[in-house]
Amino acid sequence: TNCLTTVWRLFRNLSEDQQRYEKQLIFEHPVFAKICQQLLRDARRMSRGDLVFNLHAVVNLGVPQNTILVQTLVRVCQEKLNQLDNRCLSVLATTLSGLDKDKNVSALQAGLQLLVEQRIPSIRDIFILQNLMKCMGKDAPLFLKKKLEMAVLKEIDHLTFPNALRMVLALVAMNYCSVPILNACSKKIQENVHGAPFRRLIVILESCYSLQYRNVELFSALADYVNSTACLWDKRQIMLILSAFETLGFQPSELMDIFAKKVTEDPEFLNLKNLLVVLRVYSRLNYVPRDQKHLFFETLHSCLNNYLPQISNTELLKAVYSLSILGYLPHRAIDELLQKDSRNELLSDDLYNEQKEIMLHCVKACMELDSPSFTKPEFVLTESFSSLVSPTLRKAQEALIELLGDENMFQQNVQLPHKYHIDFEIRMDSDRKKVLPIAAADEAADSSVQRLAFLFVPLSAFCLGTMHPQGKLAMKKRHLNKLGYHVILVPNKKFQEMTNEDAVQFLRRKIYSEDAFSFSEVTVQDNN
């Protein structure tokens, strides 16, 4: 046992290349065969600790699972399962998680799961608990996940920083989002984030994405740490951290400013792959650097032009789409894109065809509405689809009827050019004091009539923890402004949580407030 476990401890600290070489030497060594033979003979006479540690060692050293040695050790573990203490259960669970399912392994895993369920109340070691969580995996029944969660919460005060990281990974392995555990881990990570290496930060952010866990305080602490140590990170590392934040919908504005400056100072960093990542991050998070908007755009545009001869059709569409969402039109790239579209080279019979069509439609809308030559039309052709509204908008409809007195005072399910849709439209006089009936406003067709567009949108359409619209919503808001609408964005989830009286008062403030009618030129970063 001492021999095998020592070999394993030395082996696991080697690089991958070294491990391949050393593994060959170990297997060819005459003494290794003798040890394996002795292990096979003595398996049933071994202590419980020696048994599970030997199985762990031989499996991790690469002894094939279908050998008599591994299969015998698995069967003996099954026979002695009830004799194993909690530490041995943890080691055994770790070992089994690395084995393929066969008859013996499946039987042992089933017995282990039953035993863990019985033992959970007696386990006080948080390391053992998180190891069991990791090894039970996503296939563990929900009741067992909840039992493990309750056991961890009893010991949560003993959580250390390394344990917090391992606990997050254990929850990912179990595919179980325990908010109380994650909140405790988050607090511990925030207290100890300084000095954390790059890979650890990425693992934390990727784990939060996998678990659909959103914590603005945690993300802000991680972003502040990278901000304060930006000189120690290379551009690729910052880009990957920003990309991880983007998948979470979190906008670290200060870090994005720092990175933009680095990019404009050294555009050579932007190979095609990096350029597409940067465009995706800044467009989705709807962010343009505060002090160097023009320079930043020109840098990205110039890099894109350099790659036009070699860029694929899909990559070209993604790049032009991202810049268009930000309100910037890369004319040369657009010309290339339209030529490919006219030759039917952009769309193919793949799974993403519908997505490409939507992106191309957005680009064409931006070409018209964001063009410097575009002027606000005196009349916009609208079409009301139906008087029926979706269940999620029924509360808003009832509140508007109570506030305005009549369904004829507003229009719902309004369809506009470029496939834009408005949930509710309200028209007011030029003094913004009186709501006009829709029919009367149509007959007047007066350019002084003020048009309000209410958009009830999910929280996911905003950057996390803010009312800052993400890229597609910001583009829609910008374009509706160009068409003559004053746009009011309403987070639908928060609206649904209001009482009926509060909902009416909320809409009253939005309709009659001076702020709702500030019609200055909308910036890309408009925070509504």
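The UniProt annotation, from an unreviewed entry, places a feature named "domain: RAP" at residues 452-509. In this predicted model, that span comes out as 47% helix and 22% strand.

Stepping back to the chain, the domain assignment gives a domain 1 at residues 1-122 and a domain 2 at residues 383-512. How far apart do the C-alpha centres of domain 1 and domain 2 lie? The answer is 65 Å.

Helix packing comes next. Helix α23 covers residues 471-482, and it packs with helix α18, which runs over residues 313-325. Their axes are 9 Å apart and cross at an angle of about 55°. Angles from 65 to 115 degrees would count as roughly perpendicular and those under 35 as roughly parallel, so α18 ends up oblique to α23. On the α18 side, the contact is made by Y321, S324 and I325. These meet G471, K472, M475 and R478 on the α23 side.

Side chains of opposite charge can pair when their charged atoms come close. Searching the whole structure brings up 18 salt bridges. One of them joins R124 to E155, with 3.8 Å between the closest N and O atoms. R124 belongs to the loop between α7 (103-119) and α8 (126-136), while E155 belongs to the loop between α9 (142-154) and α10 (161-174), so this pair ties together parts that are 31 residues apart in sequence.

N175 isn't a glycine, yet it has a positive phi of about 50°. Where is N175 found? This residue is in the loop that links α10 to α11, the latter being residues 179-191. N413 isn't a glycine either, and its phi is likewise positive, at about 50°. As for its setting, N413 is part of strand β2, which covers residues 411-415.

Note on methods. Residues are numbered from 1 along each chain as its sequence is written. This is a predicted model: local features need pLDDT of at least 70, side-chain atom pairs count only at pLDDT 80 or more; totals for chains, interfaces and linings use all residues. Side-chain values use heavy atoms; hydrogens and water are left out. Domain bounds come from an automatic or database domain assignment. UniProt positions are given in the numbering used here, feature names are shortened, and annotations may be inferred rather than shown by experiment. Helices (H or I, at least four residues) and strands (E, at least two) are DSSP runs, numbered from the N terminus. Axes are lines fitted to C-alpha atoms, for helices over the stretch in contact, and angles run from 0 to 180 degrees between N-to-C directions. Angles under 35 degrees count as roughly parallel, over 145 as roughly antiparallel, 65 to 115 as roughly perpendicular and the rest as oblique. Contact means heavy atoms within 4.5 Å. A salt bridge is a side-chain nitrogen of Lys or Arg within 4 Å of a carboxyl oxygen of Asp or Glu.
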